[in-house]
Amino acid sequence: MMWNEEVESKSKEEMKKLQLERLQAVVNYAYENVPYYKKRFDEQGVKPQDIKALEDIQKLPFTTKDDLRAAYPFGMFAVPRREIVEVHTSSGTTGKPTVSGYTRKDLETWSEVMARGLTMFGVDEDDIIQNTHGYGLFTGGFGVHYGAQNIGATVIPISTGQTRRQIEIMKDFQTSILIVTPSYGLYLAEVAEEEGVTPDDLNLKSIGFGAEMWTEEMRQELQKRFNAPAYNIYGLTEIMGPGIALECPVQDGLHVMEDHFYPEIIDSETQEVLDDGEKGELVLTNLTREGMPIIRFRTKDVTSLQREPCSCGRTMVKMDRITGRTDDMLKIRGVAVFPSQIEKALLKMDGIEPHYQIIATRPHHLDELEVRVETSPKLFSDEVKELVGIKKKIEGYIHNEIGLRVKVTLVEPKTLPRSEGKAVRVIDKRELNSD
């Protein structure tokens with residue numbers, strides 16, 4: 001089932017034609033209405049009329065998070081402030097937050113792309129959606145909310161937290177769709193088990209998850225614990241929010257809503273555009289946004305694009321799940337390490353809980369990596385000899401995955417901090433130590 005079959009199954013030629021028309025229009029619009037883009041295009045020596053083919057997008061400068069921070073709060077708006085009906089921001093944990101402004105038309109676009117994505121998960125007007133994404137300045141809660149209401153489904157806007165209450169509501173209201181971050185989903189499953197609630201007590205049809213890194217093993221764990229398929233949602237505040245790309249029932253990559261968002265993959269070092277199938281940094285351009293069109297935004301998310309036909313019938317380009325961020329990559333003794341690689345190794349083990357922390361230190365001029373891992377209650381009560389064997393086995397799995405030896409510390413069940421939003425997986429203490 002498709003929400004908008006005409007667009008979702010458009011031929012590649014028709015999609016390219018539509019994208020070029022929209023790209024030309026948005027480049028002209030940004031040049032005329034956003035002083036930042038006029039200045040940058042002029043500096044680059046490029047004019048809107050130079051965009052004659054889709055490939056000409058490469059003539060345009062990139063936009064970065066720092067550029068958006070410098071324009072804080074409303075410097076990137078392309079319309080008078082009174083036409084902006086909603087504002088969201090990024091978390092601002094690493095400096096000034098980035099601000100995202102929406103006109104009424106932008107909110108319609110957002111609800112359209114999310115309605116397409118939720119329909120991929122099987123959502124219809126009979127569903128009850130429990131939305132645990134935050135409803136504050138974070139875009140997650142609102143994007144799902146607008147898409148669900150567009151479809152006509154019933155939304156429970158419970159937001160994050162109140163974990164035991166979440167389980168009670170899932171059971172009492174017979175929630176059919178659960179929206180979570182992967183780490184919070186696993187925490188919910190853990191609490192449900194404590195409360196004696198089994199998947200048979202629930203009415204879950206499917207799970208939509210996103211907003212943080214995940215591995216296929218983590219998805220399988222979520223599916224197993226809730227006995228429901230789990231589908232990935234991708235988005236980012238700067239471009240729109242959730243709804244940029246979502247997974248269909250095939251669960252093999254996310255369909256990009258490419259009539260609204262034009263994707264490119266670049267080599268983050270050379271900034272050259274890479275071919276389909278090559279892994280690199282995702283760059284996105286708004287093709288239809290009124291309030292705040294963003295051109296060639298460097299997301300720092302690592303993925304690749306694939307254009308093979310999908311058995312679901314949709315023709316929109318697919319992106320692979322995000323396997324890391326160019327800024328959360330740890331350089332340990334010259335080797336690039338992504339948290340997702342360590343998670344992949346951990347989830348191969350039985351008796352290990354999907355809760356872990358990676359701690360990077362530099363005690364004696366040399367980088368060290370410690371991975372703290374929770375064991376299951378049964379395992380922790382086993383013989384010390386057994387635990388030593390498991391510790392060694394995990395160290396071996398991680399060594400195979402990243403090519404480095406790390407120290408694994410097994411900790412008691414439920415001792416690592418739980419997250420009701422995005423999990424904090426990495427603690428890098430190296431800058432706190434003197435070299």
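A salt bridge is defined here as a side-chain nitrogen of Lys or Arg within 4 Å of a carboxyl oxygen of Asp or Glu. The model is predicted, with local features requiring pLDDT of at least 70 and side-chain atom pairs counting only at pLDDT 80 or more, while totals for chains, interfaces and linings use all residues. Residues are numbered from 1 along each chain as its sequence is written, and side-chain values use heavy atoms, leaving out hydrogens and water.

**View 1. Salt bridge between Lys59 and Asp56.** The closest N and O atoms of this pair are 3.5 Å apart. Lys59 is partly exposed at a relative accessible area of 42%, whereas Asp56 is buried at 15% (buried, under 20% relative accessible area; exposed, over 50%; partly exposed, in between; 1.4 Å probe, protein chains only).

**View 2. Salt bridges of Arg164 with Glu194 and Glu195.** The N to O distance is 3.0 Å for Glu194 and Arg164. Glu194 lies in helix α8 (residues 182-194) and Arg164 in helix α7 (residues 163-172), so this pair ties together parts 30 residues apart in sequence. Helices (H or I, at least four residues) and strands (E, at least two) are DSSP runs, numbered from the N terminus. For Arg164 and Glu195, the N to O distance is 2.5 Å.

**View 3. Helix α5, residues 104-120.** From first C-alpha to last, the 17 residues of α5 reach 25 Å, close to the expected 24 Å (1.5 Å times one less than the number of residues). Of these 17 residues, 14 are buried. Gly122, with a positive phi near 95 degrees, follows α5.
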